[in-house]
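The following note concerns a model of two chains and is arranged as numbered points. It turns to the contact between the chains and then to a sheet in one of them.

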Amino acid sequence: MIKLPEPIDRVVANLLKAANTKLPPDIGWALEAAAGWESDPLARTQLGAIMDNVKKAEVLGRPMCQDTGIPTFYVKGRFDASIRNDIIKGIRAATETVPLRPNTVDPLTRKNLGDNLGEGMPSIHYIPTDDNFLEIAVLIKGAGSENMTRSAMLNPSDGIEGIKRFIVDSVLDAGGRPCPPGVIGVGIGGTADECVAMSKRALMSPLDRENGDPVLKEMEEDLFVKLNGSGLGPMGLGGSTTVLGVKIKAACCHTASLPVAVSIGCWATRRAVARITETGIEYEQGADL
Amino acid sequence: MRELRTPLSEKAVRELRAGDTVYLTGEVVTGRDEMHMRAVEYARGGKPIPEGLENSILFHCGPIMVKEGGRWRTVAAGPTTSSRMDLLGPEMIKRFGIRAVIGKGGMSEKVGDAMREAGCVYLAAVGGTAVSIAESVVEVQGAEWEDLGMAEAMWILKVERMGPLTVAMDSEGGSLYDNVRKRLIRDV
């Protein structure tokens with residue numbers, strides 16, 4: 001464990017505040033670019049209202065969306081097992097101070113404990129390394145987009161065409177429900193569970209960061225054009241802005257399997273990252289994990 | 001661009017057409033999954049329903065509220081996904097005389113039929129624009145069924161120029177969602 005310039009629970013509360021009140025700059029630029037090319041008047045109204053809301057949220061320091069979602073954490077570098085308790089403490093504090101809407105409930109009784117915690121919450125992915133830093137990243141997703149998560153175990157013979165078919169159908173069948181235009185996170189390969197995890201982790205990656213794999217990069221660009229040509233548009237009301245970006249992650253899989261998963265990020269794909277070293281903390285709003 | 005003021009008459013609602021953009025001033029009542037279930041259960045069982053729901057504008061929203069000096073303040077109040085309320089939508093509209101439903105993403109054909117029958121429209125708020133809508137709330141007039149939790153409770157809000165809202169399903173069966181869906185290009 002490295003020596004920390006600030007307690008982890010306070011860093012976590014800062015991350016939740018930043019992610020909820022400030023849209024990642026890359027997504028803001030993508031929205032502005034979309035508003036520039038969009039010609040459908042109703043779609044322009046939607047994009048204008050979104051950008052207006054983003055500005056108000058940042059100036060007033062308030063959550064841009066009332067669904068402050070469920071956070072997923074990624075912890076990378078050097079850390080102790082106690083980090084889970086620190087994150088829990090940070091969530092409890094942020095729920096009061098930001099404030100966050102109490103969203104977590106028992107799945108069967110639907111009882112809400114009011115603190116955004118409870119059995120299995122929050123979801124934390126641990127990536128231990130020998131590096132002399134600690135990176136804490138958080139992705140916030142509301143239920144509108146999370147409920148549209150889809151995964152499939154395709155046949156290997158379905159190939160790239162089959163994968164694209166599944167992605168396009170998942171996005172278009174979701175319609176206006178996940179608040180388009182957003183980011184499409186895709187996982188290809190791995191095990192079934194790892195595939196869904198990859199699709200969500202892909203949403204942490206800034207839109208201006210290029211995919212290092214040329215095949216995946218081409219798929220991302222192709223899907224971006226196809227989805228924006230679909231006509232779904234902002235909020236599913238029509239137009240040529242359906243997605244702001246497509247991000248794909250891949251892993252090897254069983255020779256008899258072709259897993260694919262789609263995680264849809266709404267226009268408010270909220271992320272924040274703290275990179276902590278012994279000398280200080282740097283905050284950003286995206287990272288390749 | 002049209003200005004709407006509550007209470008909305010059936011005539012005013014029936015004049016709205018899919019594609020119109022409106023701003024709303026007056027009273028709206030929030031309700032999502034739990035509120036729908038309880039309202040229908042109580043009404044079927046003859047139990048009293050909080051005042052304000054009858055002939056109201058139903059806003060699919062689970063807001064963030066804070067209590068300051070004994071009064072509620074709206075921090076964030078964007079629309080939630082309406083299709084979750086598809087099942088109880090028709091009964092809500094007919095039983096309580098709902099004149100407009102505000103939400104996002106649209107509702108089922110059955111809800112559209114109920115809207116046509118009862119004289120009701122679906123107004124699409126821009127998803128995620130929670131601060132802008134909260135800023136249009138001038139007063140929190142009531143908090144009912146608070147035991148359901150902040151997101152699921154029934155909040156009675158006085159709004160001024162809430163919007164832009166798009167008439168996405170009208171009382172004549174017109175639906176922007178259907179129009180878009182029929183023309184979707186599903187190329188890969």
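1. A polar contact is a pair of N or O atoms within 3.5 Å; within protein, one atom must be able to donate a hydrogen and the other to accept it. In this predicted model, 18 residue pairs, both residues at pLDDT 80 or more, are in polar contact across the interface of chain A and chain B.

2. On the side of chain A that touches chain B, the elements giving two or more residues are α3 (41–60), α6 (159–174) and α8 (214–228) of chain A. The largest share, 10 residues, is supplied by α3(A). By class, the residues of this side comprise 17 nonpolar, 13 polar and 13 charged.

3. The contact draws 43 residues from chain A and 43 residues from chain B. Between them the two chains bury about 3300 Å², with 60% of this on carbon and sulfur atoms. Within chain A, the residues losing the most area to chain B are A:R62, A:Q66 and A:R101, together 20% of what that side buries.

4. Three salt bridges are found across the interface of chain A and chain B. A salt bridge joins the side chains of A:D173 and B:R186, at 2.7 Å from N to O.

5. Chain A also holds an open, mixed sheet of four strands, ordered β4-β7-β5-β6. Because β4 (150–154) and β6 (243–251) of chain A are edge strands with a single partner each, one side of each lacks a neighbour in the sheet. From one strand to the next, the twist averages 15°.

6. Strands β5 (residues 182–189) and β7 (residues 258–265) of chain A run antiparallel and are joined by six bridges. A:G185 lies opposite A:S263 of β7(A). Helix α7 (residues 192–201) of chain A packs on the sheet and touches β4, β5, β6 and β7 of chain A, its direction making about 150° with that of β5(A).

Technical notes
Residues numbered from 1 in each chain as written. Chains lettered and ligands numbered in written order. Predicted model: local features only at pLDDT ≥ 70, side-chain atom pairs only at ≥ 80, totals over all residues. Heavy atoms only, no water. Contact = heavy atoms within 4.5 Å. Buried area = accessible area lost by both parts, 1.4 Å probe. Salt bridge = Lys/Arg side-chain N within 4 Å of Asp/Glu carboxyl O. Polar contact = N/O pair within 3.5 Å; in protein donor to acceptor, adjacent residues only side chain to side chain. Nonpolar A, V, L, I, M, F, W, Y, C, P; charged D, E, K, R; others polar. Pairing = 2+ DSSP bridges. Axes fitted to C-alpha atoms, helices over the stretch in contact; angles between N-to-C directions.
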